[in-house]
Amino acid sequence: MKSITKLDLQYAHRFYGFKGEAQYLHGHTGILTIEVEDTVNTGVNMVFPCNEIQKTAWDILKNFDHALVLRDDDPLLPAILKVYEETGIKDGTPQNQMKGEAFKTELATAYPDCRLVVTKETMTVEGMIKIVYDLLKDKLNIAKLTFTSGVNEASAEFVTKNNIDRCPLCGIRMSDNGVCKKCGYKH
Ligand SMILES: [Zn+2]
Ligand SMILES: [Zn+2]
């Protein structure tokens with residue numbers, strides 16, 4: 001069975017080199033739907049608590065929220081970093097608090113201090129699904145991802161392969177030492 005959750009991300013981007021309006025900088029509210037598949041955990045009668053899926057995803061994906069997403073060869077990138085530098089916000093401000101942990105994968109690098117994500121490929125809805133899967137595939141049993149942004153939507157299905165040990169009392173992933181960090185249950 002599947003547990004399904006949604007979260008939204010507000011971001012700015014553009015399609016560098018694209019022949020259309022999207023070559024101009026613009027913004028979206030993107031909606032990501034994450035479908036996690038596993039057996040029903042008989043202790044709690046759920047696949048996985050949806051708020052825990054959200055939390056796991058949000059810890060990483062908040063790097064995309066109120067962020068600028070640019071491709072690594074986009075000339076806007078050095079121009080914007082120059083302005084951020086000159087105005088003293090490139091390395092963060094006390095008001096920039098909703099920071100995720102920085103990440104670097106083959107497809108994307110997050111710079112939380114200046115709310116920037118630099119991507120290898122254009123961040124279309126398809127591109128976002130590739131990035132998100134890569135970031136979350138080892139943490140969640142992702143069966144399907146759907147990303148919607150304006151009139152654009154893409155989805156992809158995946159074969160789940162993580163054998164996630166779940167707490168029979170609260171349903172979250174057990175820590176590696178066999179203790180549930182939420183409710184303290186031990187195997
Ligand atoms: Zn767009
Ligand atoms: Zn527990």
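1. Glu35 stands opposite Lys144 in strand 6. Helices (H or I, at least four residues) and strands (E, at least two) are DSSP runs, numbered from the N terminus. Strand 2 (26-37) and strand 6 run antiparallel, joined by seven bridges. Within strand 2, Glu35 is also the bridge partner of Ile4. Strand 1 and strand 2 pair in the antiparallel sense, over 12 bridges. Two strands pair if DSSP finds at least two bridges between them.

2. On provenance: this is a predicted model, in which local features need pLDDT of at least 70, side-chain atom pairs count only at pLDDT 80 or more, and totals for chains, interfaces and linings use all residues. Residues are numbered from 1 along each chain as its sequence is written, while chains are lettered from A and ligands numbered from 1 in the order in which they are written.

3. The protein chain has three helices and seven strands. From the N terminus on, the order of elements is β-β-α-β-α-β-β-α-β-β. The C-alpha trace spans about 55 × 35 × 25 Å along its principal axes.

4. The sheet is open and has seven strands, in the order 4-5-3-1-2-6-7, with mixed pairing. Strand 4 and strand 7 (152-157) each have a single partner strand, so one side of each is left without a neighbour in the sheet. On average, neighbouring strands are turned by 25 degrees against each other, direction ignored. Axes are lines fitted to C-alpha atoms, for helices over the stretch in contact; angles run from 0 to 180 degrees between N-to-C directions.

5. Strand 5 (residues 116-119) runs parallel to strand 3, with four bridges joining them. Arg71 has Thr119 as its bridge partner, and Leu70 has Val118. Strand 4 and strand 5 are antiparallel, again with four bridges. Here Thr109 has Val118 as its bridge partner. Four residues lie between the strands of this hairpin, where Arg115 takes a positive phi near 50 degrees.

6. Which residues of strand 5 form its covered face? Val117 and Thr119 do, whereas Leu116 and Val118 form the uncovered one. In a regular strand the side chains alternate between the two faces of the sheet.

7. Helix 1 lies across strand 1 and strand 2, at about 25 degrees to strand 1. Helix 3 lies across strand 2, strand 4, strand 5, strand 6 and strand 7, at about 145 degrees to strand 6.

8. The largest nonpolar core has 28 residues. Such a core is a set of buried Ala, Val, Leu, Ile, Met, Phe, Trp, Tyr and Cys residues joined through C-beta atoms within 7 Å. Ile34, Val36, Phe64, Val69 and Val132 have the most contacts inside it. Helix 1 (50-61) and helix 3 (125-136) are among the elements that each supply at least two residues of this core. Beyond its neighbours within four places in sequence, Ile34 is in contact with Thr5, Ile53, Ala57, Leu140, Ile142 and Leu145. Contact means C-beta atoms, placed from the backbone, within 7 Å.

9. Of the 187 residues, 26% count as buried. A residue is buried if 20 or more other C-beta atoms lie within 10 Å of its own, exposed if 12 or fewer, and partly exposed in between, with C-beta atoms placed from the backbone. Just after helix 2, Gly88 takes a positive phi of about 75 degrees.

Terms used:
Contact = placed C-beta atoms within 7 Å.
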